[in-house]
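Hi,

Here is the structure I promised to pass on. Have a look at it first, and then read on for what turned up when I went through it.

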Amino acid sequence: MTQIHQLHAAHALLPEGWAEDVLLVWNGAGQFTSVQAGVPCPASAAHANGPVLPGMPNLHSHAFQRAFGGLTEYRGQAQDSFWSWRTQMYRFAAQITPELLETIATWLYVEMLQAGYTSVCEFHYVHHDRDGQPYADRTELSHALLRAAESAGIGLTLLPVLYQSGGFGGQPPGEGQRRFLNETQAMLDMLAALRPLCAAQDARLGLAPHSLRAVPPQALAEAVAGLHAQDATAPVHIHIAEQTAEVDACLAWSDRRPVRWLLEHMPVDARWCLVHATHMTPDEYRDAAHSRAVAGLCPTTEANLGDGIFDLPAWQAAGGAWGLGSDSHATVNAAEELLMLEYSQRLALRQRNVAASARHPDVATHMMLAAVRGGAQASGRKIAGLNAGERADFIVLDAEHTALRGLPACAMLSGHVFASHRTSAVDRVFCGGVERITRGRHALHEQAAAAFAQARARVMRS
């Protein structure tokens, strides 16, 4: 007999907006079978002690970089930039082992769950041993990430990264990139080997051509075609137009800006996630949005690296889908990513409540729903919110948290995003119907945190 689980919420954020007296029902497979509003709490159902939100997908993560946080916040040259940061990051990446990656990722995924993320797209580009030679099993580091996600209980979209060149026009890769490199067929073979492993733990598998500068045109076309021959619906994520220097180099190489080149040469559609896509012209914002690709925004990392500010009003006016990622994990907090996205727009435009809409004038409500929809699309998983047929990924906020107490439900969400002052109002988190966070803590919190600190110290001593 299939086990049925129930939770009743006085208020819940459904795909169409806030609803009262919502009964959530899910089965033993972790899938919602019913989500109904206006239902009295049955005696058999547990009661949520605060508003229920859909789980937030994190659509862009480089897990190993979590252990790098705080180590680059000093001036190393007259004018530091993304490119000087990248040089230091490469030195750090050179020290990562499978054991260290699993330890770092396990703690990161625990942090994500505690911060309101219920799934993650892992943009995974460190593939080989420290000398640049493949491991006996080329998927060894991918295995480490799969184990970490399973231990923490977070949903996973694994995106092995194709990386072949050091710059536009097939420039030779640098020494710091030797652990990333794969020929196209080797990458497709890796995907074939990983597919049953991902399926065994309900993880999704896609591909991440790193960027136009790192994957030559023919290899990009062959890799995407090969991926979709294996799985016609598999997601494709790519870094694009993150830095103005990247845009200038692409123009010098092809006489096209990165997003324009991609739209003209590749079958960009709803399977694609354009990570960052910060520096676009008005026509590029319009045409990329019309392709139905998701814009993968990483506001705190983009701020940390000095990337620039995405034009959210232009993207939303064109009907573009977007989601949130924590990228280098300078911040691991879904609410803070929402805050940073909205505040960056306010600073750029000198306006307030920029990300709201006519349908949802409450800015936190609109952003939460948009980020969940876009993140689900980019993940390639059924995690698009509190709805029958979707995975039972959801969050219960603590209605007694100081920033929320006594407020109506939509204002509680605003308090969580804009007024929690680096404390968290996340009380409980469920992934696939399994409670992973209780009273704000994961069962592995202490153990995973201690192991992470030891792993980071080992890397720093190397």
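Let's start with how the chain contacts itself: of the contacts between residues at least 6 apart in sequence, 72% join residues at least 24 apart. Keep in mind that this is a predicted model.

On the overall build, there are 14 helices and 18 strands in the protein. The radius of gyration comes out at 21 Å, close to the 23 Å that the globule rule gives for 462 residues, so the protein is as compact as a globular protein of that length.

What about inside and outside? Of the 462 residues, 58% are buried. The protein exposes about 18,000 Å², and carbon and sulfur atoms supply 50% of that area. As for charges, there are 35 positive and 44 negative ones, and their mean positions are 2 Å apart.

Next, the aromatics. A pair of aromatic rings is described by the distance of the centres and the angle of the planes. The count here comes to 17 aromatic pairs. Take Tyr285 and Trp315: their ring centres are 6.4 Å apart and their planes sit at 70°, which is over the 60-degree cut-off, so the pair is edge-to-face. This pair links distant parts of the chain, with Tyr285 in helix H8 (residues 282-290) and Trp315 in helix H10 (residues 312-317), 30 residues apart. Tyr285 has a relative accessibility of 5% and counts as buried, and Trp315 is buried too, at 1%. Elsewhere, ring pairs link Phe64, Tyr90, Tyr125, Tyr163 and Phe180 into a cluster.

Tyr125 from that cluster turns up again around His62, as one of the residues that His62 contacts. His62 lies in the loop between strand S6 (56-61) and helix H1 (82-93). So is His62 buried or exposed? Its relative accessible area is 4%, and buried means under 20%, so His62 is buried. Leaving aside neighbours within four places in sequence, His62 is in contact with Glu122, Phe123, Tyr125, His239, Asp327 and His329. His62 also shows how the chain folds back on itself: the C-alpha atoms of His62 and Ser328 are 5.8 Å apart, although the two residues are 266 apart in sequence.

Ser379 is another one to click on. Ser379 sits in helix H12 and is buried, with a relative accessible area of 1%. Which residues does Ser379 touch, not counting those up to four places away in sequence? They are Pro57, Ser119, Cys121, Thr157, Arg204 and Pro235.

For a contrast, go to Arg352, in the loop between helix H11 (334-349) and helix H12 (363-379). Arg352 has a relative accessible area of 60%; exposed means over 50%, so Arg352 is exposed. Not counting residues up to four places away in sequence, Arg352 touches Glu342 and Arg346. Glu342 is 10 residues from Arg352 along the chain, and their C-alpha atoms are separated by 8.4 Å.

Cheers

Technical notes: Residues are numbered from 1 along each chain as its sequence is written. This is a predicted model: local features need pLDDT of at least 70, side-chain atom pairs count only at pLDDT 80 or more; totals for chains, interfaces and linings use all residues. Side-chain values use heavy atoms; hydrogens and water are left out. Helices (H or I, at least four residues) and strands (E, at least two) are DSSP runs, numbered from the N terminus. The radius of gyration is taken over C-alpha atoms; the globule rule is 2.2 Å times the number of residues to the power 0.38. Buried means under 20% relative accessible area, exposed over 50%, partly exposed in between (1.4 Å probe, protein chains only). Contact means heavy atoms within 4.5 Å. Accessible areas come from the Shrake-Rupley method with a 1.4 Å probe; for residues, only the protein chains shown count as cover. Lys and Arg count as positive and Asp and Glu as negative; His and the chain ends are not counted. The place of a charge is taken as NZ of Lys, CZ of Arg, CG of Asp or CD of Glu. Rings of Phe, Tyr and Trp (its six-membered ring) pair if their centres lie within 6.5 Å; planes under 30 degrees apart count as stacked, over 60 as edge-to-face and the rest as tilted.
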